[in-house]
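Dear colleague,

I am passing on the structure we spoke about, so that you can look at it yourself before you read what I found.

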Amino acid sequence: MTVLITDKKEIDKIISDKIKGKKLIFTDYYNFGIMKRGIKHEQVLKIFPQFDRVFEIEKDILKYGDMGYELFYKLSNNTYFSIATCPKDKNILIIHAIEYKRSLERRFRRIA
């Protein structure tokens with residue numbers, strides 16, 4: 001079941017406990033996805049550590065039972081970016097990255 005986290009303190013705790021300071025591992029799915037969407041890998045590397053821009057996190061159990069965290073970044077008025085992650089010990093898998101040039105209100109309303 002997907003849980004939407006919007007509380008800034010809870011977001012900061014997840015980022016510091018589960019995400020920050022881990023070695024990034026990029027999955028094949030990530031590489032295929034950014035190529036298909038026309039997103040540059042350098043753009044993802046630039047956005048990822050800007051944790052102060054994270055305004056929501058989707059927490060969900062992934063296909064093989066791991067806990068996944070999709071971080072939603074607000075870049076400008078109508079540009080958002082999401083990076084899906086899966087913490088694994090001292091590493092963090094980067095599953096996908098998506099750029100949105102529209103409001104995400106409908107997407108989050110579906111989950112809430």
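The largest nonpolar core of this predicted model has 22 residues, and those with the most contacts inside it are Ile57, Leu71, Tyr73 and Ile83. Several elements give two or more residues to this core, namely the helices α1, α2 (28-37) and α3 (41-47) together with the strands β3, β4, β5 and β6. Of these, α1 gives the most, with four residues. If you select Ile57 and leave aside its neighbours within four places in sequence, you will find it in contact with Val3, Leu4, Ile5, Ile11, Ile14, Ile15, Tyr69, Glu70 and Leu71.

Which residues of α1 are buried? They are Ile11, Ile14, Ile15 and Ile19, and because they fall within an arc of 100° when seen down the axis of α1, they line one face of the helix. Just after the helix, Gly21 takes a positive phi of about 80°.

Ile15, which is found in α1, has a relative accessible area of 3%, and because buried means under 20%, it is counted as buried. Not counting residues up to four places away in sequence, Ile15 touches Lys20, Phe51, Val54, Ile57 and Leu71.

I then turned to the aromatic rings, where a search of the whole structure finds three aromatic pairs. In one of them, the rings of Phe26 and Tyr30 have their centres 4.9 Å apart and their planes at 40°, so the pair is tilted. Phe26 is partly exposed, with a relative accessible area of 24%, whereas Tyr30 has a relative accessibility of 0% and counts as buried. Another pair is formed by Phe55 and Tyr80, and it is tilted as well, with 5.6 Å from centre to centre and 55° between the planes. This pair links distant parts of the chain, since Phe55 belongs to strand β3 (residues 54-61) and Tyr80 to strand β5 (residues 79-88), and the two are 25 residues apart. Are these two residues buried or exposed, or something in between? Phe55, at 26% relative accessibility, counts as partly exposed, while Tyr80, at 10%, counts as buried.

Strand β5 also holds Thr79, which counts as buried at 15% relative accessibility. A polar contact of 3.2 Å joins the side chain of Thr79 to that of Ser76. Leaving out residues up to four places away in sequence, Thr79 touches Tyr73, Lys74, Glu99, Tyr100 and Lys101.

Asn77 lies in the loop between β4 and β5 and is exposed, with a relative accessible area of 69%. Asn77 and Lys101 are 24 residues apart in sequence, and their C-alpha atoms are 9.2 Å apart in space. Asp89 is found in the loop between β5 and β6, where it is exposed, with a relative accessible area of 73%. Asp89 has a positive phi of about 50°, although it is not a glycine.

With best wishes

How values were computed. Residues are numbered from 1 along each chain as its sequence is written. This is a predicted model: local features need pLDDT of at least 70, side-chain atom pairs count only at pLDDT 80 or more; totals for chains, interfaces and linings use all residues. Side-chain values use heavy atoms; hydrogens and water are left out. Rings of Phe, Tyr and Trp (its six-membered ring) pair if their centres lie within 6.5 Å; planes under 30 degrees apart count as stacked, over 60 as edge-to-face and the rest as tilted. Buried means under 20% relative accessible area, exposed over 50%, partly exposed in between (1.4 Å probe, protein chains only). A polar contact is a pair of N or O atoms within 3.5 Å; within protein, one must be able to donate a hydrogen and the other to accept it, and residues adjacent in sequence count only if both atoms are side-chain atoms. Contact means heavy atoms within 4.5 Å. The arc is that of the directions from the helix axis to the C-beta atoms. A nonpolar core is a set of buried Ala, Val, Leu, Ile, Met, Phe, Trp, Tyr and Cys residues joined through side-chain atoms within 4.5 Å.
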